[in-house]
Amino acid sequence: MFLPLISSVKLSNVEPVTHIGVPLPIFVIFAILLVSTALGVILSRQLIHSVLFLVTNLLGVAVFYAFLGSPFLASVQVTLYAGAVVVLFLFIVMLLNIKFDDFLNKSAVFYYSLFAIVFLLAYLILVNLTFSDPNSPKVLARFTPTTREIGEKLFTIYALPFEISSLVLLVAMVAAVMLTKKKNKKHNITLKKTS
Amino acid sequence: MQLAFTFILAAVVLNITLSIASFCTWFERKGSALIQNRVGANRAGSFFYTDNLLLKPVLFVLRILGILGVINTLFCDSVKGITKEDFLPTGVSQFMHSLGPFIAVFPIFLAFSVLPLAPDFTLLGQVFRPQLVPVETGVLFVLAMGSIAVYGVALSGWTGNNKYSLLGALRASAQMISYELALGISFVTMIVTYDTMNLYRMVEAQQGGYWGIFLQPINFVVLFIAGMAETKRGPFDLPESESEIVAGYFTEYSGMKFLIFWLGEFAEIGLFSFLLALMFFGGWNLPFIELPKLTWWSSLIGHGVLITKVLFFCMLQIVIRWSLPRFRYDHLMNLGWKYLLPLSLINLLVTAFVIVF
């Protein structure tokens with residue numbers, strides 16, 4: 001996953017693209033941070049700790065975006081993922097009060113080995129992909145993701161996927177509203193009676 | 001040279017953040033006393049007395065400061081907060097309990113780093129820009145940092161291990177997320193209007209009297225209301241409404257941790273006032289007067305003008321906070337979702353049509 005980022009450092013000498021590439025010390029620090037927080041998400045016993053690890057992970061990804069020359073994507077990552085989506089996670093986790101120990105204690109070894117196998121497989125697939133795809137670093141050098149260019153690409157070449165994804169989101173939103181509506185119907189009537 | 005300038009600027013930005021926060025604290029105490037026909041803090045410094053002629057003027061100044069309440073807010077409060085017992089609720093880890101106020105404050109301080117403080121100036125043949133992080137997407141960065149601050153509130157309410165603090169945290173998070181939509185869309189409207197996300201260029205675009213308040217008066221109203229709701233103050237202080245839920249999300253905080261929440265709140269007021277002054281009131285531009293560019297003294301004057309506007313908006317928010325009663329929660333949600341959000345959306349559409357055609 002991170003390998004094309006390193007190789008883009010070399011490529012930035014060829015193309016006159018500013019800011020692209022992560023300095024090595026920062027890359028090492030943030031790679032360790034990202035991997036450890038990603039492990040923390042799945043390994044921590046407390047759900048709220050997992051959510052906090054997830055937030056840290058998303059913020060770390062935003063730092064990478066910023067170093068790769070796209071402060072816009074970094075800001076959007078923080079605003080949307082860390083600021084809006086995971087807050088809802090936190091809401092649910094805060095209200096649910098789940099105790100994980102009850103169903104994790106007995107077969108913890110089994111779960112952890114399962115996690116490890118899945119992680120290893122995913123890692124191998126990612127490494128394989130990044131090595132086998134010769135184009136991935138070049139894409140970075142050709143396309144400087146400024147705000148204007150992202151908007152142009154989004155509304156010209158990628159207009160159809162963009163519209164489809166927004167349609168999916170709309171459907172999900174309507175579905176969520178309908179789900180809450182059915183449950184709230186009785187409640188609304190009682191409110192009207194009392195008031 | 002540029003590196004040294006950056007280090008100096010970092011210190012200056014932090015200093016401005018803390019100064020504005022402490023000014024707001026002072027004005028909150030003395031201004032609210034003025035509004036409520038009280039005297040306010042005036043005791044600190046009153047016990048100094050000496051016959052020494054040399055020390056007399058010093059003590060006179062100290063007494064005046066004490067009567068104005070400056071010593072009380074700047075010195076006594078913080079000393080009291082630091083030396084107070086740090087109370088920890090049962091069954092709560094110290095780390096998580098301390099993390100809440102930290103996350104509530106730290107992003108706000110970070111957001112100050114993208115604000116331009118004065119026009120460019122030349123010194124020793126080099127051009128300096130008094131903006132710590134001249135990032136292209138300054139407005140979005142501020143918005144992102146504001147959305148991170150929700151975690152501080154939610155966490156501190158949760159680690160309170162207390163019904164009231166959890167309720168306060170839920171109220172605060174719901175309120176901040178709902179008003180963030182209207183806030184974000186009104187930011188987008190300003191971005192479309194000035195055709196840039198850079199706060200410095202936004203101010204430059206307002207030269208010659210084309211201030212944002214004249215271009216987007218409706219958007220100013222939307223942004224002002226949404227921003228005040230975002231700072232969780234004024235008539236929007238449902239999360240800490242002391243008549244229903246003891247103190248909301250910081251019920252279980254005492255000592256310095258509690259003061260840190262205050263600091264964050266006032267820093268948020270300062271940040272929001274900065275945004276208003278930069279986007280709607282011309283930043284460092286004076287009406288009818290064009291200052292010469294790239295000189296150190298005009299930069300200094302510009303900085304003064306900007307800070308004056310910022311302090312005006314800080315004071316305005318505090319006056320509103322002390323003069324309006326609190327909303328009811330369903331009214332608050334109605335205002336956010338049914339009035340402000342559609343208004344800002346329509347405003348954005350109209351602006352886009354005007355810009356394109």
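Me: A polar contact is a pair of N or O atoms within 3.5 Å; within protein, one must be able to donate a hydrogen and the other to accept it, and residues adjacent in sequence count only if both atoms are side-chain atoms. How many residue pairs are in polar contact between chain B and chain A?

Reply: One residue pair, with both residues at pLDDT 80 or more. This is a predicted model, where local features need pLDDT of at least 70, side-chain atom pairs count only at pLDDT 80 or more, and totals for chains, interfaces and linings use all residues. Residues are numbered from 1 along each chain as its sequence is written, chains are lettered from A and ligands numbered from 1 in the order in which they are written, and side-chain values use heavy atoms, with hydrogens and water left out.

Me: How many residues does each chain put into the contact?

Reply: Chain A gives 22 residues and chain B gives 22 residues, where contact means heavy atoms within 4.5 Å.

Me: What area is buried there?

Reply: About 1,900 Å² between the two chains, with 80% of that coming from carbon and sulfur atoms. Of the area that chain B buries against chain A, 31% is supplied by B:Y151, B:W158 and B:L170, more than by any other three residues. Buried area is the accessible area (1.4 Å probe) that two parts lose on being put together, summed over both.

Me: OK, chain A on its own. How many helices and strands?

Reply: Nine helices and zero strands. Chain A has 195 residues, and 24% of them count as buried. Buried means under 20% relative accessible area, exposed over 50%, and partly exposed in between (1.4 Å probe, protein chains only).

Me: Switching to rings. How many aromatic pairs over all chains?

Reply: The count is 24. Rings of Phe, Tyr and Trp (its six-membered ring) pair if their centres lie within 6.5 Å; planes under 30 degrees apart count as stacked, over 60 as edge-to-face and the rest as tilted.

Me: What sort of pair do A:F155 and A:F162 form?

Reply: Edge-to-face, at 5.0 Å centre to centre and 70 degrees between the planes. A:F155 is exposed, at 56% relative accessibility, while A:F162 is partly exposed at 27%.

Me: Why is the pair B:F23 and B:F27 stacked?

Reply: Because the planes are at 15 degrees, with the ring centres 6.2 Å apart. Both residues sit in helix α1 (residues 2–35) of chain B, four residues apart, which is about one helical turn. B:F23 is partly exposed at 22%, and B:F27 is buried at 16%.

Me: Which rings are linked into a cluster?

Reply: B:W211, B:F220, B:F224, B:F272, B:F280, B:F281, B:F312 and B:F313 are linked by ring pairs.

Me: Back to salt bridges. How many over all chains?

Reply: Six. One of them joins B:R233 and B:E28, with the closest N and O atoms 2.7 Å apart. B:R233 is in the loop between α9 (217–230) and α10 (255–279) and B:E28 is in helix α1 of chain B, so the pair ties together parts 205 residues apart in sequence.

Me: Is B:E28 buried or exposed?

Reply: Buried, at 4% relative accessibility. B:R233 is buried as well, at 3%.

Me: Which salt bridge has B:E28 at 3.5 Å?

Reply: The one with B:R321, N to O. B:R321 lies in helix α11 of chain B and B:E28 in helix α1, so this pair ties together parts 293 residues apart in sequence. B:R321 is buried, at 18%. B:E28, B:R233, B:E265 and B:R321 are linked in a network of salt bridges.

Technical notes. Helices (H or I, at least four residues) and strands (E, at least two) are DSSP runs, numbered from the N terminus. A salt bridge is a side-chain nitrogen of Lys or Arg within 4 Å of a carboxyl oxygen of Asp or Glu.
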